[in-house]
Amino acid sequence: MNNINGIEIPRSHPRLKSLLIRDRLITGFNNGLVAHQGLMAHGRGEAFDYLLGEKSMKHTKSAIKTASAILFLAKLPVISVNGNVAALCPKEIVRLSHIINAKIEVNLFYNTKKRKKAIADSLKKCGAKDILGIETKSRKHIENLDSMRRVVDENGIYKADVVLVPLEDGDRCIKLKQLGKTIITFDLNPFSRTSQTADITIIDNIVRGITELINTSQKMSNKNDKYLRKIVNAFDNKKNIAMSVLQINNNLIRNIINYE
Ligand code: PTJ
């Protein structure tokens with residue numbers, strides 16, 4: 001039996017995993033990490049996860065392997081963290097940052113000082129030493145980006161050559177690409193602007209995909225640049241996205257046939 005807000009949920013409940021993930025978001029919201037809108041953004045993600053079959057797809061492994069290779073090849077990789085990511089997988093973000101030697105920066109759409117600090121503190125509790133995006137003296141602005149995501153850290157996203165932007169909202173992804181940065185994202189929605197614009201789109205629930213990225217990165221940590229470049233050159237993101245759309249299509253068709 002699992003207990004969510006004092007309500008007992010039987011282990012046999014078919015949606016148990018999904019309910020437990022929701023609970024992480026709600027706990028994150030109650031602890032001041034997640035924006036109100038983050039709860040709705042999660043709902044959109046859940047809907048796509050449902051259509052994708054709520055499991056990691058085979059081709060996603062290739063996107064993850066490529067993401068790992070790019071992160072190892074990077075000069076200055078940065079992981080951008082928002083409220084939802086901080087609530088869903090903080091330990092994993094810190095673990096990944098250690099393996100690939102990346103900086104972590106808090107960057108919010110619904111930007112408040114209080115929430116930024118709460119997110120940084122919770123990441124520090126998970127073992128992160130330095131969290132960028134908090135200090136005002138190293139603050140820079142990304143030009144022609146209207147949202148508050150324009151506020152970045154000079155020593156982080158501003159100078160980074162590779163940025164991991166999970167659960168992103170579109171505008172910044174395009175802008176960062178225009179600045180010549182390589183962008184990796186986790187997004188369950190293959191049709192989103194972020195998915196369509198990023199260099200590597202990991203179409204998977206970050207809760208599942210981040211563990212695969214950690215395990216893959218552990219295995220790749222001793223590979224040389226030639227090996228890593230070969231992986232990157234063989235990857236086709238358009239094909240990767242198309243495979244996810246096909247998966248949704250197949251799942252829908254299978255449902256119609258089962259219904260008949
Ligand atoms: O904490 P803040 O202020 O930076 O705000 C964060 C949110 C997520 C609220 C903000 O970035 C936002 O509004 O994002 P969007 O435009 O709703 O986009 C989020 C994308 O992430 C959508 O395409 C969702 O399908 C996707 N998504 C949601 N949950 C997950 C997910 N993708 C992977 N794993 C998830 N668990």
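Residues are numbered from 1 along each chain as its sequence is written, and side-chain values use heavy atoms, with hydrogens and water left out. Because the model is predicted, local features need pLDDT of at least 70 and side-chain atom pairs count only at pLDDT 80 or more, while totals for chains, interfaces and linings use all residues.

## Two helices

Helices and strands here are DSSP runs, numbered from the N terminus: a helix is H or I over at least four residues, a strand is E over at least two. The expected span of a helix is 1.5 Å times one less than its number of residues.

Helix α2 covers residues 36-52. Its 17 residues reach 25 Å from the first C-alpha to the last, close to the expected 24 Å. Some of its residues are buried (under 20% relative accessible area; exposed is over 50%, and partly exposed lies in between, using a 1.4 Å probe and protein chains only). The buried residues of α2 are Gly38, His42, Gly45, Glu46, Phe48, Asp49 and Leu52. Just after α2 comes Gly53, with a positive phi of about 95°.

Helix α9 covers residues 206-220. Its 15 residues reach 20 Å, close to the 21 Å expected. Buried residues in α9 include Ile206, Val207, Leu213 and Met220.

## Salt bridges

Side chains of opposite charge can pair when their charged atoms come close. A salt bridge is counted when a side-chain nitrogen of Lys or Arg lies within 4 Å of a carboxyl oxygen of Asp or Glu. The structure holds twelve of them.

| Pair | N to O distance |
|---|---|
| Asp121 and Lys117 | 2.7 Å |
| Glu168 and Arg149 | 3.8 Å |
| Asp225 and Arg229 | 4.0 Å |

Take Asp121 and Lys117. They are four residues apart in helix α6 (residues 113-125), so about one helical turn separates them. Asp121 is partly exposed, at 32% relative accessible area. Lys117 is partly exposed too, at 48%.

Asp225 and Arg229 sit in helix α10 (residues 225-234), four residues apart, about one turn of the helix. Asp225 is partly exposed at 41% relative accessibility. Arg229 is partly exposed at 47%. Elsewhere, salt bridges that share partners join Arg149, Glu168, Asp169 and Arg172 into one network.

Where do Glu168 and Arg149 lie, and are they buried or exposed? Both are buried. The pair forms a salt bridge, its closest N and O atoms being 3.8 Å apart. This pair links distant parts of the chain, 19 residues apart. Glu168 is in the loop between β8 (162-164) and α7 (171-178). Arg149 is in the loop between β6 (139-141) and β7.

## Cysteines

A disulfide is a pair of cysteine sulfur atoms within 2.5 Å. How many are there by this rule? The count is zero. Cys89 is in no disulfide, and its nearest cysteine sulfur, that of Cys126, is 10 Å away. Cys126 is likewise in no disulfide. Cys89 is buried, at 1% relative accessibility. Cys126 is partly exposed, at 26%.

## Empty spaces

Rolling a probe the size of a water molecule over the atoms shows where empty space is left. The search uses a 1 Å grid over the protein atoms alone. A cavity is a set of points where a 1.4 Å probe fits but cannot get out; a pocket is an open set with protein on both sides within 12 Å along at least five of seven lines; lining residues have an atom within 4 Å of a point. Grid points are joined across faces, edges and corners, and a volume is the space filled by probe spheres set on the points.

The largest pocket holds about 720 Å³ of space. It is lined by 32 residues, and Ala41, Arg44, Leu167, Glu168 and Asp169 lie nearest its centre. Helix α2 gives the largest share of this lining, eight residues. α2, α4 (83-88) and α8 (193-197) each supply at least two. The lining divides into twelve nonpolar, twelve polar and eight charged residues. Here Ala, Val, Leu, Ile, Met, Phe, Trp, Tyr, Cys and Pro count as nonpolar, Asp, Glu, Lys and Arg as charged, and the others, Gly among them, as polar.

There is one cavity of 30 Å³ or more. The largest cavity has a volume of about 40 Å³. Strands β4 (103-106) and β7 (151-153) are the elements giving two or more residues to its lining. β7 gives the most, with three. The lining of this cavity has four nonpolar, two polar and five charged residues.
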